[in-house]
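Please look over the sequence and the 3D structure below before reading on. The notes after them are grouped by topic.

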There are 2 protein chains.
Amino acid sequence: MTTAEPRSVKIVRHDASVPKAMKQSDEADVVELKGAAKTRQAISDAARELFAHEEYANASVRNIASKAGADPALVIRYFGSKEQLFLETVQFEGFFELAMAGPLEGLGERIVSALLSDQRDAGFSAYRAMMRASGSEVIRRRLLEAIHEMFVEPLAPRLKGPDAALRARLVAAQLAGLIDGIAILEDAELAATDRKRLSEVYGAALQGLIQP
Amino acid sequence: MTTAEPRSVKIVRHDASVPKAMKQSDEADVVELKGAAKTRQAISDAARELFAHEEYANASVRNIASKAGADPALVIRYFGSKEQLFLETVQFEGFFELAMAGPLEGLGERIVSALLSDQRDAGFSAYRAMMRASGSEVIRRRLLEAIHEMFVEPLAPRLKGPDAALRARLVAAQLAGLIDGIAILEDAELAATDRKRLSEVYGAALQGLIQP
DNA sequence: GTCTATATCTTGATAGAC
DNA sequence: GTCTATCAAGATATAGAC
């Protein structure tokens with residue numbers, strides 16, 4: 001079943017496959033993967049996909065290996081454990097940075113809008129996967145850290161008035177609640193709502209905490 | 001091939017030391033349950049407790065039975081399946097009704113305040129349990145129904161202005177995000193925040209959707 | 001480097017003795 | 001009514017042949 005054919009695949013290498021040594025060049029260089037590196041990448045991709053759409057308990061090592069066209073034993077061999085594999089593959093991307101970069105005026109609407117356009121991408125999936133796996137303390141803490149890094153830390157220093165840190169954290173909470181409804185509970189009415197309208201209405205609620 | 005060796009590790013029966021005062025609930029404890037009804041009740045209580053604090057996959061039938069001091073076979077016998085047991089035990093209570101009953105003025109703050117005082121009760125636990133088990137479509141739908149019954153349906157008809165139904169749904173989303181932070185991710189900073197201050201700040205954000 | 005084979009454990013659920 | 005005994009399936013993880 002597995003490809004004994006020595007075909008190589010072009011991928012963009014991030015820091016995921018780099019153990020500990022810091023790369024001097026921070027450009028994402030395109031490399032040709034062969035052998036173990038290729039297999040490892042295939043496992044990583046398959047894991048990201050399965051963790052995103054399946055339940056944590058259901059995304060088994062066997063299923064991941066099968067989807068990757070690799071052997072289950074290699075999954076453990078390369079990543080140590082299933083939980084470690086989860087932590088290395090399920091990550092957020094900086095898709096809020098653009099929205100966050102602009103002025104405080106209209107920021108609430110831009111954040112919601114950015115979230116809604118990510119619907120098929122990594123943001124929703126990572127949050128859903130981590131919430132469903134939040135019985136694990138390691139994963140729970142990872143998600144909490146991500147929330148602080150993505151929202152509270154960039155946003156809090158910019159907010160005027162009292163309780164800036166608290167308000168920044170609560171903006172993140174508002175967003176989390178929206179993801180709960182759309183991406184986790186799959187609320188059909190919410191998903192069917194016009195994005196622009198949703199961005200306006202909910203964005204105004206966020207804005208109420210950003211500029212009280 | 002199960003263990004032919006007579007191991008000493010077994011399920012400890014608590015018959016000799018049954019904790020009579022397990023729950024001090026002031027409801028319906030006047031009736032002494034006996035036999036099957038008593039066992040069923042013990043299983044139900046243990047399940048509610050375990051589903052609330054453990055991961056769904058980790059709250060096994062065996063663990064539930066062990067905690068209830070009953071036999072694992074009886075769990076299935078009485079409730080049919082693990083999922084059915086979940087649906088029969090994990091339920092919301094109407095703890096928002098009081099807050100919802102008052103005037104629209106200050107409703108946001110009252111809702112948040114009601115939520116925060118429930119911290120140890122059924123509301124938080126049920127939401128956390130259902131979110132973590134949201135890989136099951138049945139459970140996912142149950143939670144979505146509860147959100148609509150508790151929030152959208154009572155609230156939407158009272159809201160003035162456009163998008164009343166959407167705004168009511170989004171108020172529920174705001175609340176869900178707060179529960180995510182406090183009860184699921186166990187954000188220490190959020191939990192340590194003064195309740196009154198939190199009710200005021202986040203309540204104002206809710207109020208922005210209730211009375212735009 | 002990869003995969004076959006398996007060890008070990010746990011799950012939900014069932015059958016039948018007591 | 002309760003529990004012993006067990007099933008069949010599936011999980012993670014490991015050892016060692018190729």
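What follows is a short briefing on this predicted model.

Because the model is predicted, local features need pLDDT of at least 70 and side-chain atom pairs count only at pLDDT 80 or more, while totals for chains, interfaces and linings use all residues. Residues are numbered from 1 along each chain as its sequence is written, chains are lettered from A and ligands numbered from 1 in the order in which they are written, and side-chain values use heavy atoms, with hydrogens and water left out.

**Chain A overall**

- Chain A contains 11 helices and two strands; helices (H or I, at least four residues) and strands (E, at least two) are DSSP runs, numbered from the N terminus.
- Read from the N terminus, the order of elements in chain A is β-β-α-α-α-α-α-α-α-α-α-α-α.
- Chain A has 212 residues, of which 48% count as buried; buried means under 20% relative accessible area, exposed means over 50%, and partly exposed is in between (1.4 Å probe, protein chains only).
- Among contacts in chain A with a separation of 6 or more, 63% join residues 24 or more positions apart; a contact means heavy atoms within 4.5 Å.

**DNA strand D**

- DNA strand D is surrounded by 17 residues, and the closest are R62(A), K82(A), T39(B), D71(B) and Y78(B); a residue is near a strand or molecule if one of its heavy atoms lies within 4 Å of it.
- Of the atoms of DNA strand D that come within 4 Å of the protein, 57% belong to sugar and phosphate.
- By class, the residues near DNA strand D are seven nonpolar, four polar and six charged; Ala, Val, Leu, Ile, Met, Phe, Trp, Tyr, Cys and Pro count as nonpolar, Asp, Glu, Lys and Arg as charged, and the others, Gly among them, as polar.
- Phosphate oxygens of DNA strand D lie 3.2 Å from a polar side-chain atom of S60(A), 3.0 Å from a backbone N or O atom of V61(A) and 3.0 Å from an N or O atom in the side chain of T39(B).
- Two or more residues each come to this surface from helix 2 (61–68) and helix 3 (72–79) of chain A, and from helix 1 (35–53) and helix 3 (72–79) of chain B.
- Helix 3 of chain B gives the most, with four residues.

**The ends of helix 3 in chain B**

- At the start of helix 3 of chain B, a side-chain oxygen of D71(B) comes within 2.8 Å of the backbone nitrogen of A73(B).
- After helix 3 of chain B comes G80(B), which has a positive phi near 90 degrees.

**Where the two chains meet**

- The contact between the chains takes 39 residues from chain A and 39 residues from chain B.
- Chain A and chain B bury about 3,200 Å² between them, with 63% of it on carbon and sulfur atoms; buried area is the accessible area (1.4 Å probe) that two parts lose on being put together, summed over both.
- R132(A), R140(A) and L185(A) supply 18% of the area that chain A buries against chain B, more than any other three residues.

**The nonpolar core**

- The largest nonpolar core has 141 residues, and F86(A), F51(B) and F86(B) touch the most other members; such a core is a set of buried Ala, Val, Leu, Ile, Met, Phe, Trp, Tyr and Cys residues joined through side-chain atoms within 4.5 Å.
- Beyond its neighbours within four places in sequence, F86(B) is in contact with F51(B), Y56(B), A129(B), M130(B), A133(B) and I139(B).

- S199(B) sits in helix 11 (residues 195–210) of chain B and is buried, with a relative accessible area of 4%.
- The side chain of S199(B) reaches the backbone oxygen of R195(B) at 2.8 Å.
- P154(B) is in helix 8 (residues 137–155) of chain B and is partly exposed, at 32% relative accessible area.
- P154(B) and E97(B) are 57 residues apart along the chain, yet their C-alpha atoms are separated by 9.1 Å.

- E186(A) is not a glycine but has a positive phi of about 55 degrees; E186(A) lies in the loop between helix 9 (164–184) and helix 10 (188–192) of chain A.
- D163(B), also not a glycine, has a positive phi of about 55 degrees and lies in the loop between helix 8 and helix 9 (164–184) of chain B.

Methods:
Polar contact = N/O pair within 3.5 Å; in protein donor to acceptor, adjacent residues only side chain to side chain.
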